[in-house]
Amino acid sequence: MKNIRMSSYYEMLYTIPLRRAMIPLSIVWLTLLTAPFGLNAQEVNPRPPREPVKVAEGKHGMVVTDTPFASQVGRDILAKGGNAVDAAVGVSIALQVSWPEAGNIGGGGFMMISRPDEEVVCVSYREKAPAAVNEHSFDKWKEHYHVYMAGVPGTVRGLALAHEKYGKLPWKEIIEPSIVASRDGLEVDAYLAYSLNSVLLQGFIQKEDRFAELRRVYGHPEGRPWRAGDRLVQSDLAVSLTLIAEEGPSAFYEGPIADKIADEMQRGGGLMTKQDLKDYTAKVQTPIKGEFGPYTIYGAAPPSSGGTTVLMQMQILEALDFPTGQKDYWTADQVHLMTEAMRRSFRERAAWLGDPDFVSIPEHLITKEHAKKLAATIDPTKATPSTEIAGDIELTEGPYESPQTTHFSVIDKDGIAVSSTYTLEETFGCRIVVKGTGFLLNNEMGDFNWYPGYTNHEGKIGTKANRLAPGKRMLSSMSPTMVLQDGKPKLLIGSPGGRTIINTVSNILVQTLVLNRPLEEAIDGPRFHHQWFPDVLRYEASDGVFAKIEDDLKARGYTIQPWSGRQGCAQGIIVDTETGVAKGVGDWRRGSSALAVE
Ligand code: DON
């Protein structure tokens with residue numbers, strides 16, 4: 001009742017035509033007016049309700065992404081003869097237009113590519129620290145939403161590299177639909193309206209001058225909140241994308257866009273220079289690979305921790321007597337063993353993983369022998385306190401200060417498959433839109449270990465491998481994953497969610513590969529997460545599944561945290577390797593769209 005009344009009040013307030021300049025003031029009014037009623041931005045901008053997972057099936061190609069527009073762009077590229085890599089590049093650009101909180105040309109990521117009869121590769125385009133940083137830079141940096149938090153963006157070089165090596169259609173043709181949609185406008189759906197309103201309604205975004213460009217680019221022209229059915233026109237972005245389409249990545253790294261990024265750095269006090277942009281390279285890496293039963297699992301290699309940590313978990317479970325017989329959806333025994341695998345793999349992640357150009361990563365981490373050793377330390381009946389497995393990582397006492405991402409999966413009619421995750425780090429990155437370009441910069445520098453030497457019980461990690469250094473790539477948890485069976489793509493999966501990404505992926509791998517649950521159930525069902533520290537088992541509480549096993553888990557020594565939030569947003573494809581039929585499943589946790597080529 002309260003929600004309905006206030007929502008209509010909010011609408012009434014905003015149906016009065018306001019000039020663009022009034023936006024900040026009106027939002028401040030809104031905050032002041034709703035505060036006495038105990039309401040907040042979430043209540044006047046309600047989250048879209050839960051919908052069923054999106055499912056599509058087909059033999060001629062499949063695209064599953066966060067937005068209907070991006071899936072349509074990918075599907076159209078496949079339908080006109082492009083391959084999965086062309087579609088993946090088109091989707092990545094289309095997400096910049098249709099899901100700006102995470103879709104990005106100002107961020108970075110990892111694209112896993114499988115081609116028949118070829119080794120799986122990972123196109124790695126993680127951001128880099130600017131050359132001018134030093135190990136003490138974090139001493140002075142206290143804000144997440146600041147240009148100094150932006151790593152040198154990798155997306156445009158990464159997409160160009162993937163296209164040049166593995167694509168088929170002309171580069172320009174792939175980008176064209178996104179130029180048209182940003183120039184002529186894109187229909188806003190409930191998810192995009194919610195996303196844009198969420199950032200625009202934040203008091204500090206409304207107040208501070210440095211966010212003026214974000215308000216100009218993403219604010220509704222009439223100064224009211226976005227609603228489903230509105231049109232979002234992004235004229236500056238159309239110009240940037242046209243430059244990239246016509247001139248290639250050099251427009252971004254050396255040309256007019258580089259100039260604008262450098263100007264933004266000057267204005268805002270950032271360290272990234274034109275030289276940093278010019279020097280940026282993306283690379284093709286050998287992915288992490290491991291056998292698991294009849295399957296081969298491939299994951300992103302460092303500087304992502306995703307592939308290594310997911311594989312470690314799966315191999316630990318393989319070394320255990322993992323119960324598969326029960327019909328109940330997540331039994332206490334299953335959650336216990338998986339949590340212990342999570343705990344141990346996250347400890348190893350903290351100890352060893354970082355940018356391989358700077359740190360040496362032991363090869364034994366992903367061996368079955370190592371998994372067996374770790375599995376042998378698990379008590380089948382009781383939780384192991386995280387402090388007990390810290391080993392030589394020194395733990396410190398003290399407070400924890402807390403700090404977006406999108407995954408898509410594509411397969412084409414010839415069996416070329418892509419599993420790709422890219423990010424701005426937080427939702428809308430550092431919230432700074434580079435003036436005149438229509439895109440946001442990431443705040444990925446926050447993925448380095450902020451406080452060297454300071455690893456605490458609340459989850460701050462200060463280990464050596466991921467400390468800040470000039471030109472270094474920050475450690476990621478992105479886990480675009482591919483499972484092959486008999487050399488053919490079987491499952492493509494990944495998710496957003498920071499460190500939870502790793503566990504969202506392992507939750508789904510266990511359900512599909514071990515428990516033989518259909519992908520739609522595995523994506524639909526509630527997820528759980530443990531990351532070593534904090535020593536807390538957090539789970540999605542909405543379905544009541546975990547309520548049934550709470551007492552059992554507590555008796556085993558777990559500190560549990562039922563959570564009303566949503567863990568990730570997994571977009572997956574599973575293939576029947578005998579019939580060749582691909583089933584695409586889009587998560588309900590955000591907007592998503594699964595489209596098959598007819
Ligand atoms: O690379 C990483 O692991 C993080 N920057 C990802 C952040 C993320 O997934 C936030 N999204 N929900």
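The views show a predicted model, in which local features need pLDDT of at least 70, side-chain atom pairs count only at pLDDT 80 or more, and totals for chains, interfaces and linings use all residues. Residues are numbered from 1 along each chain as its sequence is written, and side-chain values use heavy atoms, with hydrogens and water left out.

View 1. The ligand is surrounded by 14 residues, where a residue is near a molecule or strand if one of its heavy atoms lies within 4 Å of it. Thr-405, Glu-425, Glu-444, Asp-447 and Ser-477 are the closest. The shell comprises three nonpolar, seven polar and four charged residues; Ala, Val, Leu, Ile, Met, Phe, Trp, Tyr, Cys and Pro count as nonpolar, Asp, Glu, Lys and Arg as charged, and the others, Gly among them, as polar. A polar contact is a pair of N or O atoms within 3.5 Å; within protein, one must be able to donate a hydrogen and the other to accept it, and residues adjacent in sequence count only if both atoms are side-chain atoms. A polar side-chain atom of Thr-405 lies 2.5 Å from an oxygen atom of the ligand, and one of Ser-476 lies 2.7 Å from a ligand oxygen atom. The protein buries 89% of the 350 Å² that the ligand exposes when taken alone. Accessible areas come from the Shrake-Rupley method with a 1.4 Å probe; for residues, only the protein chains shown count as cover.

**View 2. Strand β3 and its two partners.** Helices (H or I, at least four residues) and strands (E, at least two) are DSSP runs, numbered from the N terminus. Seven of the seven residues of β3 (residues 108-114) are buried, so this strand is largely enclosed by the rest of the structure. Buried means under 20% relative accessible area, exposed over 50%, and partly exposed in between (1.4 Å probe, protein chains only). In a regular strand the side chains alternate between the two faces of the sheet. In β3, Gly-108, Phe-110, Met-112 and Ser-114 point one way, while Gly-109, Met-111 and Ile-113 point the other way. Two strands pair if DSSP finds at least two bridges between them. β3 pairs with β12 (residues 417-423) in the antiparallel sense over seven bridges, and Gly-108 stands opposite Thr-423 there. β3 is also joined to the antiparallel strand β4 (residues 121-125) by five bridges, with Val-121 as the bridge partner of Ile-113. The hairpin of β3 and β4 has six residues between the strands, and in it Asp-117 takes a positive phi near 60°.

View 3. Strand β8 (residues 288-292) has a covered face formed by Ile-288, Gly-290 and Phe-292, and an uncovered one formed by Lys-289 and Glu-291. Five bridges link β8 with β9 (residues 295-299), and the two run antiparallel. Phe-292 faces Tyr-295 of β9. Two residues lie between the strands of this hairpin, where Gly-293 adopts a positive phi near 55°.

**View 4. An open sheet of three strands.** The strand order is β16-β17-β18, with mixed pairing. β16 (528-529) and β18 (560-563) stand at the edges with a single partner strand each, so one side of each is left without a neighbour in the sheet. β16 and β17 (residues 537-540) run antiparallel and are joined by two bridges; Phe-528 stands opposite Tyr-539 of β17.

View 5. Helix α7 (residues 155-166) has twelve residues and reaches 16 Å from its first C-alpha to its last, close to the 16 Å expected at 1.5 Å a residue; the expected span is 1.5 Å times one less than the number of residues. Ten of its twelve residues are buried, so α7 is largely enclosed by the rest of the structure. Among them are Val-156, Leu-159 and Tyr-166. In α9 (residues 190-200), nine of the eleven residues are buried, so this helix too is largely enclosed; they include Tyr-191, Tyr-194 and Leu-200.

View 6. Ala-582 lies in β20 and counts as buried at 4% relative accessibility. Ala-582 and Gly-415 are 167 residues apart in sequence, yet 9.9 Å apart in space, C-alpha to C-alpha. Ser-592 lies in the loop between β20 (582-586) and β21 (593-596) and is buried, with a relative accessible area of 5%. Its side chain reaches the backbone oxygen of Asp-587 at 2.7 Å.
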